Amino acid sequence: MDEYRLLEMRGIDKTFPGVRALQNVDFTLNAGEIHALMGENGAGKSTLIKVLTGVYSKDAGTIHLDGKEVKIHSPQDAQNAGISTVYQEITLCPNLSVAENMFIGRGNGKITNWKEMNDRAKALLERLDIPAKATQQLANCSIAVQQMVAIARAIDMECKVLILDEPTSSLDEQEVEKLFGFMRDLKAMGVGIIFVTHFLDQVYEVCDKITVLRDGQLVGEYEIRDLPRVQLVAKMLGKEMDDLSDIKGEHEAYHSPDADMKIFEAEKLQSNTGIKPFNFYINKGEVNGFTGLLGSGRSECVRAIFGADRVIGGKVKVKGKEVKIHKPKDAMKNGIAYLPEDRKVDGIIGDLSVRENIILALQVMKGFFKPFTKAQAYAFADEYIKKLNIKTASADTPIKSLSGGNQQKVILARWLLMHPEYLILDEPTRGIDVGTKVDIQKLVLELASGGMSITFISSETDEMLRTCSRLIVMRDRKVVGELSGEDLTQSMIMSTIAGGESDE
């Protein structure tokens, strides 16, 4: 099939106060092509997509669809032109049914035949093998199923251009494969797909071409076969870098007479989330982690440790002394900090400034009737913005205006300001760029070499191997093994998940 230029964006400029987000950017998408849009957080990917979908108006440049220039001033204009988007943060209505979510906003806002709508939704769910009923409330579906419903909605709208913005971050391996099957089917039908992801493996599995942005400018467009992974990372970062370098070797392990001190211990700990009772400990200056497939119980374990879920059994000790942790504030008083998996829901407060988000946890511990002075708040924020290299116009900028990676750094700053003895990081690098991932991994090892104990959770096994000295392996909400030393390999993790059982 000859290449047919479905979408052409030429000379796109976009400036925000104090920031030039896009500068003379070109992007071309052919019909029947899966095209990865790559770059660090802050590179301009999201801005380019929002210009294409009418969320932002461009300052300069042109957009052509099917060879004709189009004016896109709103998301409705984009939808009418055949451009559909599925965002990382699901933008559906959880209080409505699956079918209502599929068809809301269509037909001039009027649904005249409920049976027809439910039948059509049912047929689409069956065709795409999505495990949901048309009539069930969306809130009762898992995040992964909600994501699939959002994709089904976009597919059913007979789009010419489908934009998938981090669509796989909530999906397990089987669901990712199913999504890739959808994408290949759509490709065969001539749909052009723009795929935004931070999972490099997925880019090389499903994409035909890659366009790389850096600092709001076009680095280049490449055929997938012409751009090896290490070169892609180098182009994204603007410097040569082996994305699988051994960062452990750059930091010394914590060596001190108290290195064998158990900072935290749990015995038969159990919460109301269905995890089986588990035993756990972490030494001073150690980096350990929970690993397992999506839904294995990794997050539930650390939420039980922090008191974020209701604990229904077991006992815990901090530095050898038994304590009661019923809620997060109890954990914080015992020197435990927790960066949650979902930064949008459980982490940031979007309308507050970067400064206010940084000092929030420390202010909670101090009490809101004893506020920090303005000078103290400024000093705290400025220290950590500099220390973590947080890219923001100022400390007064609303945190929702920052890129995902910089939002994550702000939440990390919030907890580091507490000077915890034990820091829990649940998916701290999900949905952020390669450069920021490495920054956070290096910071974890640096903090551990200074004596902080850290539990690290990541869906990316190689990231766990690069940071952790001991891994607790989960399957079906149960601990099934523990790996360290020479056993700390990808193949051992996989075989333990597949068939290992703990001795407990």
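What follows is a working chat about a predicted model, covering salt bridges, helices, cysteines and a few backbone angles.

Colleague: What kind of model is this, and how are residues numbered?

Modeller: This is a predicted model in which local features need pLDDT of at least 70 and side-chain atom pairs count only at pLDDT 80 or more, while totals for chains, interfaces and linings use all residues. Residues are numbered from 1 along each chain as its sequence is written, and side-chain values use heavy atoms, with hydrogens and water left out.

Colleague: How many salt bridges are there?

Modeller: The count is 19 salt bridges. A salt bridge here is a side-chain nitrogen of Lys or Arg within 4 Å of a carboxyl oxygen of Asp or Glu.

Colleague: Which residue does Asp66 pair with?

Modeller: Asp66 forms a salt bridge with Lys160, at 2.8 Å from N to O. The two sit in distant parts of the chain, 94 residues apart: Asp66 is in the loop between β4 (60-65) and β5 (68-69), and Lys160 is in the loop between α5 (143-156) and β7 (161-165). Helices (H or I, at least four residues) and strands (E, at least two) are DSSP runs, numbered from the N terminus.

Colleague: What about Arg470, which residue does it meet?

Modeller: Arg470 meets Glu286 in a salt bridge, 2.7 Å from N to O. Arg470 is buried at 6% relative accessibility, and Glu286 is buried at 9%.

Colleague: And what is the partner of Glu421?

Modeller: Lys319, with the closest N and O atoms 2.9 Å apart. Glu421 is in the loop between α14 (404-416) and β17 (422-426), and Lys319 is in the loop between β14 (311-318) and β15 (321-323), so this pair ties together parts 102 residues apart in sequence. Glu421 is partly exposed at 28% relative accessibility, and Lys319 is partly exposed at 44%.

Colleague: Which residues make up the network with Arg5?

Modeller: Arg5, Glu8 and Arg10 are linked in a network of salt bridges. Lys68 is in strand β5 and is exposed, with a relative accessible area of 61%.

Colleague: Changing topic. How many residues of α14 are buried?

Modeller: 13 of its 13 residues are buried, and α14 is mostly covered.

Colleague: What is its end-to-end span?

Modeller: The end C-alpha atoms of α14 are 18 Å apart, which agrees with the 18 Å that its 13 residues should span. The expected span is 1.5 Å times one less than the number of residues.

Colleague: And α1, how many of its residues are buried?

Modeller: Six of the eight residues of α1 (residues 45-52) are buried, so this helix is largely enclosed by the rest of the structure. The buried residues are Lys45, Thr47, Leu48, Ile49, Val51 and Leu52. Just after α1, Gly54 takes a positive phi of about 80°.

Colleague: Which residues other than glycine have positive phi?

Modeller: Among them are His419, with phi near 50°, and Glu427, with phi near 50°. His419 is in the loop between α14 and β17 and is exposed, with a relative accessible area of 60%. Glu427 is in the loop between β17 and α15 (434-449) and is buried, with a relative accessible area of 3%.

Colleague: At what angle do α12 and α13 pack?

Modeller: Helix α12 (residues 354-366) and helix α13 (residues 374-387) pack at about 120°, with their axes 9 Å apart. Axes are lines fitted to C-alpha atoms, for helices over the stretch in contact, and angles run from 0 to 180 degrees between N-to-C directions. The two helices are therefore oblique to each other; angles under 35 degrees count as roughly parallel, over 145 as roughly antiparallel, 65 to 115 as roughly perpendicular and the rest as oblique.

Colleague: Last one: how many disulfides?

Modeller: Zero in the whole structure, a disulfide being a pair of cysteine sulfur atoms within 2.5 Å. Cys207 is buried at 5% relative accessibility, and Cys468 is buried at 0%.

Notes: Buried means under 20% relative accessible area, exposed over 50%, partly exposed in between (1.4 Å probe, protein chains only).
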